[in-house]
Amino acid sequence: MKTLLVKYTPREERSSSKKLLDIFRNEIKNSEIEILDLCVDVPDMFNVESINAYIRRNYLQEELLLEQKVTLAKMDRMTQQMKSADIVVVAFPMHNFSMPASVKAWFDSVMLKGQTWNNVGGKYFGLMEGKKALIIISSGGFYTKEPMMYWEHAMSLAKIEFQFMGFSDVRGILAEGMNADDEIKTTNMQKSMDEIKIITQDWFRK
Ligand SMILES: Cc1cc2nc3c(=O)[nH]c(=O)nc-3n(C[C@H](O)[C@H](O)[C@H](O)COP(=O)(O)O)c2cc1C
């Protein structure tokens with residue numbers, strides 16, 4: 001059973017989301033782990049060449065020229081890497097009420113028609129059945145209660161992306177209030193750590 005850890009934690013040792021991911025990693029250290037650091041291996045964004053190559057290949061079933069294939073090479077690599085994992089864990093901070101652009105670019109890279117989802121006769125379905133996903137996010141503010149819950153587009157979007165790809169078990173841990181006072185921060189970090197331990201018990205030690 002392989003676990004892919006996808007991280008975007010540019011504050012490194014000061015990062016709460018990195019701390020939580022490290023706890024997850026430590027809990028499963030005896031299993032097969034692969035790491036994708038989006039700060040180092042930055043995903044491509046669709047540009048004029050790559051989006052047209054993608055549509056020709058994945059929607060119109062056309063053969064691509066070598067230079068067109070090259071424009072999709074990194075997206076294809078990241079897609080194959082995600083498909084090779086049984087469990088995918090993504091960790092990142094909330095940026096401007098959503099996921100950082102690199103994380104969105106990773107989702108755009110792996111959500112390729114015919115690879116991780118499909119549409120046949122107008123019906124959409126995911127192709128990643130049987131896989132599990134965990135999203136770990138830390139935020140400065142609070143988003144579990146009204147009215148701020150409507151401003152939250154990081155966890156809600158990440159969950160939808162995995163569900164759209166057909167992942168069978170999609171869970172999320174939001175360590176909120178990281179810009180609040182130390183007591184709240186410590187309590188919320190502890191709560192997230194406890195949630196991580198419950199999930200690793202559930203997924204790895206049944
Ligand atoms: C560029 C930037 C944008 C941010 N936007 C938000 C935001 O929209 N909402 C929020 O609650 N916190 C926001 N924050 C605060 C971070 O989400 C928060 O400090 C988080 O705990 C940082 O995670 P890290 O410690 O893993 O880097 C932002 C921080 C930065 C640097």
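The model is predicted.

Strand E1 covers residues 2-7, helix H1 covers residues 16-27, and a loop lies between the two. Thr9 sits in that loop. Thr9 has a relative accessible area of 1%, so it is buried. Its C-alpha atom is separated by 24 Å from that of Met165, a residue 156 positions away along the chain.

Arg14 lies in the loop between E1 and H1 too. Is Arg14 buried or exposed? Its relative accessibility is 67%, so Arg14 counts as exposed. The cut-off for that label is over 50%. Arg14 also belongs to a positive surface patch.

Now turn to the salt bridges. Side chains of opposite charge can pair when their charged atoms come close. How many salt bridges does the model hold? The count comes to 13.

Take Lys2 and Glu34. Their side chains meet in a salt bridge, with N and O 2.7 Å apart. The pair links distant parts of the chain, since Lys2 is in strand E1, Glu34 is in strand E2, and 32 residues separate them. Lys2 is buried because its relative accessible area is 13%, below the 20% limit. Glu34 has a relative accessibility of 25%, so it counts as partly exposed.

Strand E2 has another residue to look at. Asp37 is in this strand, which covers residues 32-37. Asp37 shows 16% relative accessibility, so it counts as buried. A polar atom of the Asp37 side chain lies 2.9 Å from the backbone nitrogen of Cys39.

A second salt bridge joins helices. Arg57 pairs with Asp76, and their closest N and O atoms are 2.7 Å apart. Which parts does this pair tie together? Arg57 lies in helix H2 (residues 48-59) and Asp76 in helix H4 (residues 73-83), so the bridge ties parts that are 19 residues apart in sequence. Arg57 is partly exposed because its relative accessible area is 25%. Asp76 is partly exposed as well, because its value is 21%.

Helix H2 also carries Tyr59. Tyr59 counts as partly exposed because its relative accessibility is 37%. That value passes the 30% cut-off for patch members.

Glu195 pairs with Lys191, their closest N and O atoms being 3.8 Å apart. The limit for a salt bridge is 4 Å. Both residues are in helix H7 (residues 182-204), and being four residues apart they are therefore separated by about one helical turn. Glu195 counts as partly exposed because its relative accessibility is 28%. Elsewhere, salt bridges with shared partners join Glu13, Lys18 and Asp22 into one network.

Lys2 and Glu34 link strand E1 to strand E2. Arg57 and Asp76 connect helix H2 with helix H4. Glu195 and Lys191 sit together in helix H7.

Note on methods:
Residues numbered from 1 in each chain as written. Predicted model: local features only at pLDDT ≥ 70, side-chain atom pairs only at ≥ 80, totals over all residues. Heavy atoms only, no water. Patch = residues over 30% accessible without salt bridge, like charges linked within 9 Å, V, L, I, M, F, W, Y side chains within 5 Å. Areas by Shrake-Rupley, 256 points an atom, 1.4 Å probe, with all protein chains shown as cover. Lys, Arg positive; Asp, Glu negative; His and termini not counted. Charge placed at Lys NZ, Arg CZ, Asp CG, Glu CD. Buried < 20%, exposed > 50% of the residue type's maximum accessible area, 1.4 Å probe, protein only. Polar contact = N/O pair within 3.5 Å; in protein donor to acceptor, adjacent residues only side chain to side chain.
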